[in-house]
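Try each task yourself before reading its solution.

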Amino acid sequence: ATDGSEPAIAAARRSMDLLRPDAHVALVMVIPEHEDPMEDAGGIEGPGISYEQAEKDWAKVSAQGQSALTRTAAAVGPNVDIRLVPDNEATGAAIVRFAQEMNADVVVIGTSGKGWLHRLFGGSVSDYVVHHAPCPIMLIRHDH
């Protein structure tokens with residue numbers, strides 16, 4: 001799983017040293033699903049955003065996700081499957097579900113090494129994945 005950040009790219013790069021050379025690697029980036037403006041519309045007020053704005057927002061998020069995947073794939077190597085996963089669940093839940101659907105052998109995820117207080121109040125994607133994934137987790141810590 002990647003978000004295109006340096007910890008995520010470092011984790012992807014390090015994981016390639018630890019996985020089998022013939023391993024099938026799927027890089028995953030979770031983005032919000034395309035928003036339907038009419039979904040939240042109600043009564044007289046109508047939708048909160050226009051269809052045009054929803055399309056612009058979707059194009060921007062998709063481009064950012066694709067860029068994050070491309071940056072990470074460049075650090076990993078040519079033989080990776082990149083997947084942009086639109087999902088409105090929490091990112092960690094979407095990664096866990098994707099791992100289940102793919103019948104993954106391992107999920108690799110980077111962590112920034114944030115302190116226990118931040119994790120206690122803010123939680124983290126890596127914490128969620130560690131506690132809910134259907135397979136082993138390779139958690140790679142990125143020290144600044």
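This is a predicted model: local features need pLDDT of at least 70, side-chain atom pairs count only at pLDDT 80 or more; totals for chains, interfaces and linings use all residues.

**Exercise 1. The salt bridges of Arg97**

Find the salt-bridge partners of Arg97, and say how each pair sits in the chain.

Solution. 

- Step 1: get the overall count. Searching the whole structure turns up 5 salt bridges.
- Step 2: take the partner Asp87. Arg97 and Asp87 form a salt bridge whose closest N and O atoms are 2.3 Å apart. This pair ties together distant parts of the chain, 10 residues apart: Arg97 belongs to helix 3 (residues 91-102), while Asp87 is in the loop between strand 2 (80-86) and helix 3.
- Step 3: take the partner Glu101. Here the closest N and O atoms of the salt bridge with Arg97 are 3.3 Å apart. Arg97 and Glu101 are 4 residues apart in helix 3, so about one helical turn separates them.
- Step 4: Asp87, Arg97 and Glu101 are linked in a network of salt bridges.

**Exercise 2. Buried or exposed?**

Classify Asp87, Arg97 and Glu101 by accessibility, then list what Asp87 touches beyond its sequence neighbours.

Solution. 

- Step 1: recall the cut-offs, with buried under 20% relative accessible area, exposed over 50%, and partly exposed in between.
- Step 2: apply them. Asp87 has a relative accessible area of 6%, so it is buried. Arg97, at 27%, is partly exposed. Glu101 reaches 57% and is therefore exposed.
- Step 3: look around Asp87. Setting aside neighbours within four places in sequence, Asp87 is in contact with Val30, Ile31, Pro32, Glu33, Ala94 and Arg97. With Arg97, the side chains also make a polar contact of 2.3 Å.

**Exercise 3. Another salt bridge**

Which residue pairs with Asp22 in a salt bridge, and are the two partners buried or exposed?

Solution. 

- Step 1: name the partner. Asp22 bridges to Arg20, with 3.0 Å between the closest N and O atoms.
- Step 2: check Asp22. Its relative accessibility is 60%, so Asp22 counts as exposed.
- Step 3: check Arg20. A relative accessible area of 54% makes Arg20 exposed.

**Exercise 4. A strand and its faces**

Sort the residues of strand 4 into a covered and an uncovered face, then describe how strand 4 pairs with strand 3.

Solution. 

- Step 1: Met138 and Ile140 make up the covered face, and Ile137, Leu139 and Arg141 the uncovered one.
- Step 2: find the pairing. Strand 3 (residues 107-111) runs parallel to strand 4 in a pairing over 5 bridges.
- Step 3: Ile109 has Leu139 as its bridge partner in strand 4.

How values were computed
Residues are numbered from 1 along each chain as its sequence is written. Side-chain values use heavy atoms; hydrogens and water are left out. A salt bridge is a side-chain nitrogen of Lys or Arg within 4 Å of a carboxyl oxygen of Asp or Glu. Buried means under 20% relative accessible area, exposed over 50%, partly exposed in between (1.4 Å probe, protein chains only). Helices (H or I, at least four residues) and strands (E, at least two) are DSSP runs, numbered from the N terminus. Two strands pair if DSSP finds at least two bridges between them. A polar contact is a pair of N or O atoms within 3.5 Å; within protein, one must be able to donate a hydrogen and the other to accept it, and residues adjacent in sequence count only if both atoms are side-chain atoms. Contact means heavy atoms within 4.5 Å.
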